[in-house]
Amino acid sequence: MPAGRRGAGDSGSEGAGLTVAVDIGGTKIAGALVRSDGTLVADSRRPTPRSTDPDTVMAALDEVVDELAGTPAWSEVRRCGIGSAGPVDAAHGTVSPVNIPAWRGFPVHARVRDALARNGAHVPAVLVGDGVAMTAAEHRLGAARGHRNALCMVVSTGVGGGLVLDGRLHTGPTGNAGHIGHISVDLDGEKCPCGSRGCVEGLASGTAIARHARVADAQAAAEAARAGDADALAAFDRAGRALAAGIAATATLVEIDIVVIGGGVAAAGELLLTPLRRHLETYAALDFVRHLRVAPAALGTDAGLVGAWAAAERLIPLTTGPTA
């Protein structure tokens with residue numbers, strides 16, 4: 001599978017040019033140059049700054065773009081896909097990631113285009129949520145390939161998602177369609193940073209799992225659960241139940257036939273998927289959602305970058321050269 005495979009550094013674009021893919025999350029900001037087959041030619045990443053200054057966070061993204069611009073393949077860039085933790089407002093080009101407090105209504109689309117132009121790449125760009133980006137990747141090259149109706153989810157620092165309906169990537173007017181992490185599944189639950197209560201993210205994210213398991217992070221929770229720790233096992237069961245409730249609600253509303261689960265927490269494998277499937281039997285009770293398939297994501301650690309590329313290919317028409 002080409003996705004995530006590292007290229008040798010040449011352009012290899014076969015006339016289609018390269019896409020600058022940007023993946024913005026609460027832990028890292030990453031960028032890559034991606035060929036038309038999903039192969040990464042070059043990549044760069046920085047830790048997401050823990051700062052309240054929006055320009056400090058943007059400086060890390062500028063560094064990523066500048067590093068990519070220093071590679072020989074940069075002259076082949078024809079478009080850019082930006083995948084960001086949400087919520088996003090694709091209509092206005094802004095983001096307000098729950099896990100990046102410094103950015104509220106931040107004009108990331110314009111700022112990325114400025115960074116590209118500063119390096120000589122006057123190209124079109126598209127902004128999507130990270131869940132939509134992951135969905136584009138999994139539908140193009142991964143576990144949702146060949147399915148006409150799918151929900152793909154990122155379970156990591158936060159919980160995001162995206163939809164494919166009738167074979168098309170469904171982003172919604174602002175780019176947030178499928179953002180399952182902020183469906184409320186506990187009416188009396190804890191207040192979420194988004195302003196609601198009892199959100200899926202507050203119960204099933206890596207942060208939530210670690211807190212409930214009384215450990216440092218989701219990886220430590222998985223290690224404890226594999227060793228039989230009762231608190232850690234209960235944390236994964238609680239997360240699986242929250243995910244199942246959100247998935248069942250989504251499937252009931254739009255009739256999907258597969259759910260793909262990716263992200264860092266999904267690396268726990270059956271620790272998460274087994275309770276999720278068990279609870280789904282309870283929540284997905286209607287005939288038309290009862291046989292919903294749950295599958296792990298097929299793409300690896302580069303899924304966010306591949307997703308930004310795939311979304312750009314879906315949403316930006318091919319161009320023969322940079323725009324004026």
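Mentor: The part to look at is an open sheet of five strands with mixed pairing, in the order β3-β2-β1-β4-β7. Bear in mind that the model is predicted. The edges of the sheet are β3, residues 40–47, and β7, residues 125–129, and each of these pairs on one side only. On average, neighbouring strands in the sheet are turned by 15 degrees against each other, with direction ignored.

Within the sheet, take β1 and β2. Strand β1 covers residues 18–24 and strand β2 covers residues 28–34; the two run antiparallel and are joined by six bridges. As one point to find on screen, T19 has V34 of β2 as its bridge partner.

Now go to the other end of the strand order. The axes of α3, residues 130–141, and α9, residues 303–315, come within 7 Å and cross at roughly 80 degrees. Since angles of 65 to 115 degrees count as roughly perpendicular, α3 is therefore roughly perpendicular to α9. On the α3 side, the contact is made by A133, M134, A136, A137, H139, R140 and L141. On the α9 side, the residues are A303, G304, V306, G307, A308, W309, A310, A311, E313 and R314. By type, the residues of this contact divide into eleven nonpolar, three polar and three charged.

The structure holds one aromatic pair, made by W103 and F106. A pair of aromatic rings is described by the distance of the centres and the angle of the planes. For W103 and F106 these are 4.3 Å centre to centre and 5 degrees between the planes, and the pair is stacked. Both W103 and F106 are buried.

The other place is S184, in the loop between β10 (168–170) and α4 (200–204). S184 counts as partly exposed because its relative accessibility is 32%. Leaving out residues up to four places away in sequence, S184 touches S196, R197, G198 and C199. S184 and T274 are 90 residues apart in sequence, and their C-alpha atoms are 22 Å apart in space.

Definitions and conventions: Residues numbered from 1 in each chain as written. Predicted model: local features only at pLDDT ≥ 70, side-chain atom pairs only at ≥ 80, totals over all residues. Heavy atoms only, no water. Axes fitted to C-alpha atoms, helices over the stretch in contact; angles between N-to-C directions. Helix = DSSP H or I, 4+ residues; strand = E, 2+ residues; numbered from the N terminus. Parallel < 35°, antiparallel > 145°, perpendicular 65-115°, else oblique. Contact = heavy atoms within 4.5 Å. Nonpolar A, V, L, I, M, F, W, Y, C, P; charged D, E, K, R; others polar. Phe/Tyr/Trp six-rings, centres within 6.5 Å; stacked < 30°, edge-to-face > 60°. Buried < 20%, exposed > 50% of the residue type's maximum accessible area, 1.4 Å probe, protein only. Pairing = 2+ DSSP bridges.
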